[in-house]
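Hello,

Here is the structure I promised to pass on. Please open it first; my notes follow below.

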Amino acid sequence: MPNHLFFDLDHTLWDFEANAEETLKELYELYQIQFLAPTSSEEFIAIYSKINRDLWKLYRNHEITKASLRTKRFEDTFKSMGVENRHIPKDIGEKYVEICPTKTALIPGARETLEYLQDQYELHIITNGFEESQNKKLKYSDLGRYFKTVTISEHVGKQKPHPLVFETALKNAKCESNHGIYIGDNLDADIKGAINAGWKAFWLTQDSKGFANPDCHIISNLREIRTYF
Ligand SMILES: [Mg+2]
């Protein structure tokens, strides 16, 4: 029986969608965005979310830097809303990064699952996010206390699905086995990354799109993990 379990953070434990949406709604009010463009807060959030997702892909492939990801996602959002460059709020990117990680919405079942597992397993985090944001999320949401180690890709110098991220996590955890068990939501970064590193994976998803692999269990709710451990 393994005694280490590794979790992804965003979208797996920390409710990225809900927390980002709450933050963007606050920013919409704070910067009075309704006066910059005839765009509702829902439209603003939808435009930003798509642009952010696309830019994150580029960042994962080392095509853009962290700094340009953080400014460009808002600049591009305002541009596609038709806002002139001189009217784009310059510090909104920093404000987002300041506020969002302090939000505390969790994926359903997250806390009770961790409470249940922590008695029998050493729990760890492997995340692709940025160090200061991820540490802030763990602190404000009070998730940090469940985890013995936190491996952050920015620190490793590679992003999941790169095997070095998983190898580093095993070392950080002082795990004796050369493969671990990973629970995550992203097929490419988490699940294929873990399987490729020789690990077993639990894929938290509502839509597995027919994906099947003997090293991957598919779960639609975190609470299902209890039936395996
Ligand atoms: Mg995730």
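Start with two helices. Arg70, Thr71 and Phe74 in H3 meet Ile92, Gly93 and Val97 in H4. Contact here means C-beta atoms, placed from the backbone, within 7 Å. By class, this contact has 3 nonpolar, 2 polar and 1 charged residues. Ala, Val, Leu, Ile, Met, Phe, Trp, Tyr, Cys and Pro count as nonpolar, Asp, Glu, Lys and Arg as charged, and the others, Gly among them, as polar.

Two notes on the source. This is a predicted model: local features need pLDDT of at least 70, side-chain atom pairs count only at pLDDT 80 or more, and totals for chains, interfaces and linings use all residues. Residues are numbered from 1 along each chain as its sequence is written.

Back to the helices. The axes of H3 (residues 66-80) and H4 (residues 92-99) come within 8 Å and cross at roughly 115°. Axes are lines fitted to C-alpha atoms, for helices over the stretch in contact, and angles run from 0 to 180 degrees between N-to-C directions. H3 and H4 are therefore roughly perpendicular to each other (65 to 115 degrees).

Now the sheet. It is open, with 6 parallel strands in the order E3-E2-E1-E4-E5-E6. Strands pair if DSSP finds at least two bridges between them. Helices (H or I, at least four residues) and strands (E, at least two) are DSSP runs, numbered from the N terminus. The edge strands are E3 (147-152) and E6 (216-219). E5 (residues 200-204) is joined to E6 by 4 bridges. Tryptophan 203 has isoleucine 218 in E6 as its bridge partner.

Best wishes

Notes: Angles under 35 degrees count as roughly parallel, over 145 as roughly antiparallel, 65 to 115 as roughly perpendicular and the rest as oblique.
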